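Thanks for making the time this morning; I would like to walk through one model with you, going from its helices to its sheet and then to its aromatic rings. Please have the sequence and the structure open while I talk.

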Amino acid sequence: RNLFLLFLFCVFLCSDKTKKVPAVVGDGPGFVVNRLGFYWYGIAGVLLTRGAASIAAIDRAMEEAGCIAGPFAILDSIQLTTVAKVAVSMISLLELENTQSTDLLHLVNEMIKGGCTGKNPVGKPSKGFYTYENKSSKPNPEVKSMAHVVRARNNPKDTDDITVQRLPQFSQEEITEVLLFTVVNEACEIIGEFPSVTAEIIDMLMVLAMGMVPKEGGVLAYADTHGLSYIVERLRYYKSLGLSEMGVLMRGECMGCLPCLFVWCDKINNY
């Protein structure tokens with residue numbers, strides 16, 4: 001016990017010296033930020049790959065919702081080779097092989113094959129989800145055709161019709177709900193798994209690490225303004241449109257219960 005307390009003291013001391021904010025969370029795939037980020041990026045990849053929204057529409061929806069940047073702009077800044085390696089690891093650890101969660105990985109691999117790297121850190125011309133040249137950026141038109149390739153590969157073996165895997169066009173409001181409610185959904189699971197993690201910790205980490213809706217106070221504070229019943233209703237609606245494999249709530253329903261949301265509902269009373 002004394003050794004553990006000494007370790008915590010050293011962590012907080014180092015955090016103070018490096019001007020970082022420490023948080024004690026449970027041990028799991030991606031901890032908190034990377035795990036929630038994985039679902040945020042992943043559902044954005046599903047919408048793009050399956051034709052529900054464009055790169056520009058998705059990033060604009062997140063920026064107008066209050067995020068510092070959209071998922072594709074952030075992925076470009078991370079670099080696509082790093083994105084692919086992290087995605088492989090997270091998919092394996094979360095046991096999400098053969099689900100829609102792999103769409104983004106398949107798309108990024110296709111982009112890497114096509115010479116995309118992401119945003120060059122020193123400002124040289126480069127391309128990823130966006131093309132970067134002369135200090136300006138615009139959505140990369142090549143990504144749309146690459147998304148078609150990925151969607152065609154996802155087709156059932158008994159059909160060549162690429163519209164089978166296509167989603168309907170989503171409005172800006174629907175894009176915002178899908179991306180943020182997916183994060184809320186997984187945050188509920190994390191709170192249920194790790195007693196030390198609270199809504200306050202998740203909001204703090206997601207605001208500081210990813211700039212996710214800071215003006216709302218964080219993604220769970222944002223969820224609180226909508227109400228639990230509305231979020232559940234909308235998640236069921238998006239499931240009916242074809243987003244059947246994204247989010248913990250969907251797994252909970254398969255078991256005939258909604259444990260993660262009930263846990264979060266109890267926690268939010270202290271928010």
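Predicted model: local features only at pLDDT ≥ 70, side-chain atom pairs only at ≥ 80, totals over all residues.

Which residues of α4 are buried? They are Pro-71, Phe-72, Ile-74, Leu-75 and Asp-76, where buried means under 20% relative accessible area, exposed means over 50% and partly exposed lies in between, with a 1.4 Å probe and protein chains only.

Residues are numbered from 1 along each chain as its sequence is written, and side-chain values use heavy atoms, with hydrogens and water left out.

For the overall picture, the protein has 13 helices and three strands, these being DSSP runs numbered from the N terminus, H or I of at least four residues for helices and E of at least two for strands. Of its 271 residues, 47% are buried. Taking contacts between residues at least 6 apart in sequence, 70% join residues at least 24 apart, a contact being heavy atoms within 4.5 Å.

Returning to α4, which covers residues 71-78, its axis comes within 7 Å of that of helix α3, residues 55-65, and the two cross at roughly 100°; the axes are lines fitted to C-alpha atoms over the stretch in contact, with angles running from 0 to 180 degrees between N-to-C directions. That makes α3 roughly perpendicular to α4, because angles of 65 to 115 degrees count as such, whereas under 35 is roughly parallel, over 145 roughly antiparallel and the rest oblique. On the α3 side the contact is made by Ile-55, Ile-58, Asp-59 and Met-62, and on the α4 side by Pro-71, Phe-72 and Ala-73. These residues divide into six nonpolar, no polar and one charged, with Ala, Val, Leu, Ile, Met, Phe, Trp, Tyr, Cys and Pro counted as nonpolar, Asp, Glu, Lys and Arg as charged, and the others, Gly among them, as polar. Just after α4, Gln-79 takes a positive phi of about 90°.

Next, the sheet. Three strands form an open antiparallel sheet in the order β1-β2-β3, where two strands pair if DSSP finds at least two bridges between them. The edge strands, each pairing on one side only, are β1 (126-127) and β3 (136-139). Two bridges join β1 to β2, residues 130-133, and Ser-126 stands opposite Tyr-132 in β2.

How many aromatic pairs does the structure hold? There are eight, counting rings of Phe, Tyr and Trp (its six-membered ring) whose centres lie within 6.5 Å, with planes under 30 degrees apart called stacked, over 60 edge-to-face and the rest tilted. Tyr-130 and Tyr-132 have ring centres 6.4 Å apart and planes at 50°, so this pair is tilted. Tyr-130 is buried at 11% relative accessible area, and Tyr-132 is also buried, at 12%.

Phe-181 and Tyr-230, by contrast, form an edge-to-face pair, with 6.2 Å from centre to centre and 85° between the planes. This pair links distant parts of the chain, 49 residues apart, with Phe-181 in helix α8 (residues 172-193) and Tyr-230 in helix α11 (residues 228-241). Phe-181 is buried at 0%, whereas Tyr-230 is partly exposed at 25%. Finally, ring pairs link Phe-170, Tyr-237 and Tyr-238 into a cluster.
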